[in-house]
Amino acid sequence: VVDLKDATNEGKSRDSRFLRKILTDAEIEAVQNAAYPDKTLWSFWACKEAAYKVIQKSFPAIAFIPRQWQTVLQTHQSGYSEGEVVISGQGGVYFRLFPEDDHIHCIGSDSLNALDNIIWRVEALPEEEDVTPSLFLRQCLAKDIARHFSLAVHQIKIQRVKQNGELQPPHVYAGRQKTNLDISLSHDGRFVAYTYHP
């Protein structure tokens, strides 16, 4: 998820050095010609970030080199766009992009048909509370999974473990049992987002 109103994200479309670091030449041209250049820039970024999370699960050693990954928008539906991030030597990752006025969210999968089955949510951080984004995000996801599978929320834990000194992707535990739910977590500025594939 990308918070479009976060000060660190605003105006980046005018930073040519930043654009050259993360976008292909065709994407840079699209940003420069867009009616809303910042929104276009962060749409490309959200797609590439989602693609990396997907491809890393199959190829853990893959390097994230967004400049070499081409985003191809194929269709525009009501409320979202679909396409593919083409990764040299690895094929592609399919995505759906949901641009809103204040944030952008993207879901991805290595299977086009799987996009229909992904459950996802974007939540705004509570303004009145001093809350840790990652804790709030895990709580939101745990509640959603518990509701989906008719479990008690205290039975659901989202944990990341270290392997060879590196944090691994998060996993869902029901009680003490590790599940095979495929999840993804993200937060930026005022927003947190999660996806899971039941």
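Reader: Start with Arg160. Buried, exposed or in between?
Author: This is a predicted model. In it, Arg160 has a relative accessibility of 47%, so Arg160 counts as partly exposed. The cut-off for exposed is over 50%, and buried means under 20%.

Reader: Where is Arg160 found?
Author: In a loop. That loop runs between β7 (156-159) and β8 (162-163).

Reader: What does Arg160 touch, leaving out residues up to four places away in sequence?
Author: Leu167, Gln168, Pro169 and Pro170.

Reader: Zoom out. How many helices and strands?
Author: Four helices and 13 strands.

Reader: Why call the chain as compact as a globular protein of that length?
Author: Because its radius of gyration is 17 Å, close to the 16 Å that the globule rule gives for 198 residues. The C-alpha trace spans about 50 × 45 × 40 Å along its principal axes.

Reader: What share of the residues is buried?
Author: 41% of the 198 residues count as buried.

Reader: And contacts? What share comes from residues 24 or more positions apart?
Author: 47% of the contacts with a separation of 6 or more.

Reader: Last topic, charges. How many positive and negative side chains?
Author: There are 22 positive and 25 negative ones. The centres of the two sets lie 6 Å apart.

Terms used
Residues numbered from 1 in each chain as written. Predicted model: local features only at pLDDT ≥ 70, side-chain atom pairs only at ≥ 80, totals over all residues. Heavy atoms only, no water. Helix = DSSP H or I, 4+ residues; strand = E, 2+ residues; numbered from the N terminus. Rg over C-alpha atoms; globule rule 2.2 N^0.38 Å. Buried < 20%, exposed > 50% of the residue type's maximum accessible area, 1.4 Å probe, protein only. Contact = heavy atoms within 4.5 Å. Lys, Arg positive; Asp, Glu negative; His and termini not counted. Charge placed at Lys NZ, Arg CZ, Asp CG, Glu CD.
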